[in-house]
Amino acid sequence: MAVDIQPACLGLYCGKTLLFKNGSTEIYGECGVCPRGQRTNAQKYCEPCTESPELYDWLYLGFMAMLPLVLHWFFIEWYSGKKSSSALFQHITALFECTVAALITLLVSDPVGVLYIRSCRVLMLSDWYTMLYNPSPDYVTTVHCTHEAVYPLYTIVFIYYAFCLVLMMLLRPLLVKKIACGLGKSDRFKSIYAALYFFPILTVLQAVGGGLLYYAFPYIILVLSLVTLAVYMSASEIENFYDLLVRKKRLIVLFSHWLLHAYGIISISRVDKLEQDLPLLALVPTPALFYLFTAKFTEPSRILSEGANGH
């Protein structure tokens, strides 16, 4: 195979794009930015992303997809009030919105029309921040080689958030207006207003910290799920198994946290060795059991009552 000989490219992410191929002859352009959907290989040639995402990549995308859903549910519960019968329906609506947004995002991603994506393998943290590695050969002129080396893990999250926002604005206001009869006019749309704040925050978080989240999200899930479970159980004054079983809502919250525990454990282990990693899932109920066995020593109800009285 005949390949034109040119000087090697500078920088980590500058590559040569294939301009012409005729049989065994390949002609490449000058060093520069690779087209979308391609990244440089070890020989500094741009090659298409043709691999399938790994399990860890799907778990990361699942985590980023869960963030708006969890925030939706939190603010719906926060503003709906204890006696509102519309909260459950709003929870289901939020789940529907995020699910449809995820399906549409997969369908419009390459290859278009199928629930499958092709991707480039994440090799190191710098793959997420190629804009920081544009070379300056003469310390004056900068060669701009910024491209999505982790295609499509970076941009697909923005597309998903956009669809979530559009679907929410199309569906939620009409539904809330009809079903949230138990709430005042000023309270009906507060969960929607909250989403208009947290979606830009999530977008900036992905834009700035996407690479850091990619490596840290399993530990974030474990820590936050442990903290929120402990806070919920203490705020609900759950001190024994009977307090936990007396209401279905408490069981739903408990099982939801267990799912998050399992998600975090699977993300950390990556299930590389199935026979060794699956037994770790037996640790999922441990935090809740530890809390119930030690609640009698801390008496969270007494702490809450003293806090309410200002002591």
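Buried means under 20% relative accessible area, exposed over 50%, and partly exposed in between, with a 1.4 Å probe and protein chains only. By that scale Cys 31, at 30% relative accessibility, is partly exposed.

This is a predicted model, in which local features need pLDDT of at least 70 and side-chain atom pairs count only at pLDDT 80 or more, while totals for chains, interfaces and linings use all residues. Residues are numbered from 1 along each chain as its sequence is written, and side-chain values use heavy atoms, with hydrogens and water left out.

**Stop 1: the disulfides**

A disulfide is a pair of cysteine sulfur atoms within 2.5 Å. The structure holds four disulfides.

Select Cys 9 and Cys 31, whose sulfur atoms are 1.9 Å apart in a disulfide. The torsion about this S-S bond is about -90°, so the disulfide is left-handed. Cys 9 is buried, at 8% relative accessible area.

Next select Cys 34 and Cys 46, joined with an S to S distance of 2.0 Å. Strands (E, at least two residues) and helices (H or I, at least four) are DSSP runs, numbered from the N terminus. Cys 34 lies in the loop between β3 and β4 and Cys 46 in strand β5, so the pair ties together parts twelve residues apart in sequence. Cys 34 is buried at 4% relative accessibility, and Cys 46 is buried at 7%.

Then select Cys 49 and Cys 120, a disulfide with sulfur atoms 1.6 Å apart. Both cysteines are buried.

**Stop 2**

Cys 98 is buried at 4% relative accessible area, and Cys 164 is buried at 1%. Contact means heavy atoms within 4.5 Å; Cys 98 touches Leu 69, His 72, Tyr 160 and Cys 164, not counting residues up to four places away in sequence.

**Stop 3: aromatic rings**

Rings of Phe, Tyr and Trp (its six-membered ring) pair if their centres lie within 6.5 Å; planes under 30 degrees apart count as stacked, over 60 as edge-to-face and the rest as tilted. This rule gives 21 aromatic pairs.

Select Tyr 28 and Tyr 45: their ring centres are 4.3 Å apart and their planes at 40°, so the pair is tilted. Finish at Trp 128 and Tyr 154, with centres 6.4 Å apart and planes at 65°, so this pair is edge-to-face.
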